[in-house]
Amino acid sequence: MPLRKKVRPSSASGKLETSTISSILNDLRESTAATDPLFQRAQTSLGGCRLQAVSPVSIGSFSVAQEEIQQLPEWLMKELLKGQQRSHSIGLMENILESESVHHRLDSSRSQWKGKIEQQVTLEQLQKLHAAFQDLEINGQRSLDVENFKRTLKKCMGSQNASDEKIEKLFMKIDYSATGRIHWHDFCTYMQLEYAEQDGSSARLKEVTFSLPATILEIPYGEPMLRMCSLSDSTLITAREDGHISFWSPQLKLKRSKMVFEKTHKKSKWLMDFTVMTPYNKLILGTGYTDHDECMILYGDDQGCVNILLLCSVGEVLRTWKKLPKLENLPNISLENATLSPNVTYIRWKVHGDWVTQLNYYDSIKAVISASSHESTALVIGCVVGATNVEQQMKEMKAHRKDSKTKKAQANLGAPSHRAEGDQIVFRIHKGVKSFAFNKKNNLIVTGGMDRIVRMWNPYMPGRPTGMLRSHMAPVFYVHISEEDKIFSMSTDNTIKIWDVEDQTCLFTACSKNTGIKGEINACHYIPGTRLLCVATDILAVLHLRLRLPPDPLIVTSHKKPVLCCKFNRVFRHVVSCSEGSVVKVWDFDSGKPLFEFGNAHGGSAITCLTFDPSGRRLVTGGRDGCLKIWNYNNGHCLHTLKREDKCDEVCDCTYVEVNRNKYIIGVGWDRKINMFYDSTENFHHFQKPQTHWQDDINQGHKEDILCIAQCPPTLLATSSYDGEIIVWNMISGHICHKFHIPIAAASVSTKNVDASVSRVIFLKTRAVKFELAAAILISNGPQGHLHFWSVFTGNPLIASFTPSRGKSLISSIAVTADDSYLYAADEDGYVYIHDIKDYALQDPEQEAPKYVNHWRAHLNLVLSLEVIDEENVLLSCSIDRTVRLWSLEGEYIGTFGQAECWEIFTPSSWKHPMVPYEILIDPQSMPIHPVLDNKSSDLQIPDQDKRTHDPSTPKEANYNPRPSHVTVTDEDIKEEISKRFYANTSSRRLKHEQSKLLNRRVSHGRPNAYCTINYYEVDSFPGNCQKPDLSVLGTDIFSANYQGAAE
């Protein structure tokens, strides 16, 4: 076996391909055809006009001196000069005037910045702005205030392109520290970071990976796989050198297999290549391309020749070949005998200086592309039939048909011919080409070879590649261009990479350790229908491509991952939301449009909380990485990182406070301490440590993880922990004012794993300012869906407690209006409840719930943030269902951030109301028959049969004495039994799931049921013999045959 491989290397085997063509023999039949249209275009394109991509940057007036241009930062010039996406087509389009503009498709992520004034700055305007800053610096003014900045920018950009409002917002974005002045380097830094995050956002939209590890199938030891093909139903066909052909499902389940050679001839015969002729249901040793009744078979040999068999009347030819004497139980015909047929034309071109590694025929360009390891002829695009001597070839063919068959065979199988210079395009590539792929849509050829570089070519420009993808550490064995404009490449070290065609960036890399693919690669094949990459080594492996699912037009999401927090910025009128994927998104509050986003904010860790500084120009975020970070969120610039040195525990909540004219950022979390970080614009250190902890915090602070923090200016601060403890602090002295503990019902104490955590606390600030001693000024959530009202200044702190949720789901978020008149509470099932608390819990303890106003379902799952925007009468909410939504204070649906249609916040007709989100509409728990939506009855209530009303006309059953009930089953007993059966040994999350299943049970709507009522009666003195009753008084005996016949 090794000796045979030396004589016949696998790479020397003739590569065969098949495709549908449109009448190839027309080139031979038409004597007037002198030149192939393909190569007419190829020749004229070399000297033709090259179309340039349209750029948003005006470059028509580049009259500035070169040294003046070089003063601008290099990155800024590149970004401004970067117009549309890269184009691999040089523009070989006919009948296009030079003045005609060519439009290219824009990336959807780039349209997010459309309309921002910083995106409208051209290179010429930027140069003018730089010169204006330099003139001011010469005059001794190194920075600009907002008024001078407005005048300067209007002068450079034109008053019609820049309004005062937009310029002021741009100034505030740059002046994140609120100093009132900006420098030239501040402007450049802001622009650079915005362009960088723009590219990052575009890359996140193109995420693509393979599902790892690969599906592995151990195959029996034998000859190596030499090729794989797929059918229209995604069936994979594999072939070994010994002639063993197998058919596999996409899940690598063997459908059938066949050995094409006799066992006695296995060692002397081997399979070189195969292809599938789908219309004829044939598997042949060659590459066939059929259209109607014509076909072409190509193969390459070890002498660098491209051999072509042109067949007409294919069905007749195949039937003739099938009748020939069989050799090794297979119809067999030699090449010499095949060319004797009048329906077969044989062409042989000398193309390469070494063996042919791959060849394909592409009907879209009517050409054959072949590759070789020979550097000077690494890739060649050539015609099928010589375009310059067609007439001479036609005459020779007619003469040959009249001569003897022997002379024709000798003529056809003679020395190979050389194509004319105009009949082919030759690419010179270092170390040759091992594999290539062609894509007509992008007019792109991709090659890979021994030099480990994946090159991208325009098929009509062989002199220089349009792109070079460098990342492989071993020779590239296989390349493919998918329909999704992705390039797959695989090297001999079993490393697989996915590249983006437009950006020429690597999107995914998987080595052998990740995929589980080991051994020497023998064959690769990509199945477009099921997006499977099949690899054959000593094993057979399949990789499933995972793309971003196309968005459902009816379901809108704001983030790709659950949204953990959101907040409204009143200065810029923005909504900022943060997700579990460490992505921060900025939305326009007035229209719902996405404005900006940046990812990897906390190194991939989830962002759990956020707040703004008093100026609204800086964003503070906390994450599961244990850090607090300060951002200029308008361009994604991280200004400071606040972190403890010894611990990296999760930060659960944060707030911004001002104490004695000092400003602090406070973060709480799993370290169970209150961490205060001093905020000063004069601090130039990127990393900051917290201030010294309060003494009461060290000695008497929380014993469990702190989940929430709330402030009430000027002195009060409240924190809550996982064990149900609430502590109210004096921020000036650092002492504890009060400690509260959440009450737990006695029935819940016996139940294991009771969730006593308090995840939300909120102050009623208007009551605290009035210093009403008996009034409740603090609200917290608690176990079993309760809300608790606390008085800080009395001996009996718990003033009131009630359950807003009909399903007794845990309350996950709380918000109140500015005047503390209305309370908004959201639960784990996505419902929002409104209660009037204006006169609630003001003095004496309350036994009843506050006045109910309204409720609706805002999200599918847990609502993590609610914020009342009083000045606009709007409610902002976010949930782990990946959505951020706006509602009116009455519950009218305005829209979801990220939807295609924009809204106008001041125009109710542009709102989604009276519609509701589609996913909520179709969710079973949102159906009106659900007990949660019943305002009067409990979800576990069982109808009381004793309270039923009967019709007075109904005769009483006086002859029967109801048996007295010895066992009374109450509603409480039923609840306890259900709790023991379903909720024992379950956590709070599991409890919610089990309760949700009970709530979704089918309920009665008044229709007849199988069992309406079951009553038990005791029958006294029942006789042993039963006699037929006398019904003669009725005039008709119902047991008689006459009655039965009448009834029938």
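1. Helix α7 (residues 146-157) holds both lysine 150 and glutamate 147, which are 3 residues apart, about one turn of the helix; helices (H or I, at least four residues) and strands (E, at least two) are DSSP runs, numbered from the N terminus. The two residues form a salt bridge with their closest N and O atoms 3.5 Å apart, the term denoting a side-chain nitrogen of Lys or Arg within 4 Å of a carboxyl oxygen of Asp or Glu. Lysine 150 counts as buried because its relative accessibility is 9%, whereas glutamate 147, at 40%, counts as partly exposed. Buried means under 20% relative accessible area, exposed over 50%, and partly exposed in between (1.4 Å probe, protein chains only).

2. The model is predicted: local features need pLDDT of at least 70, side-chain atom pairs count only at pLDDT 80 or more, and totals for chains, interfaces and linings use all residues. Residues are numbered from 1 along each chain as its sequence is written, and side-chain values use heavy atoms, with hydrogens and water left out.

3. Across the whole structure, the search finds 28 salt bridges. One of them joins arginine 857 to aspartate 923, with the closest N and O atoms 2.6 Å apart. Arginine 857 belongs to strand β53 (residues 851-857) and aspartate 923 to the loop between α18 (918-922) and α19 (971-983), so this pair ties together parts that are 66 residues apart in sequence. Both arginine 857 and aspartate 923 are buried.

4. Glutamate 645 forms a salt bridge with lysine 689, where the closest N and O atoms are 2.7 Å apart. Glutamate 645 lies in the loop between β37 (637-642) and β38 (651-659), and lysine 689 in the loop between β41 (687-688) and α15 (695-700), so the pair ties together parts 44 residues apart in sequence. Glutamate 645 and lysine 689 are both exposed.

5. The structure also contains 24 aromatic pairs. Rings of Phe, Tyr and Trp (its six-membered ring) pair if their centres lie within 6.5 Å; planes under 30 degrees apart count as stacked, over 60 as edge-to-face and the rest as tilted. Phenylalanine 149 and phenylalanine 171 form a tilted pair, 5.8 Å centre to centre with 50 degrees between the planes. Phenylalanine 149 is in helix α7 and phenylalanine 171 in helix α8 (residues 164-174), so the pair ties together parts 22 residues apart in sequence. Both phenylalanine 149 and phenylalanine 171 are buried.
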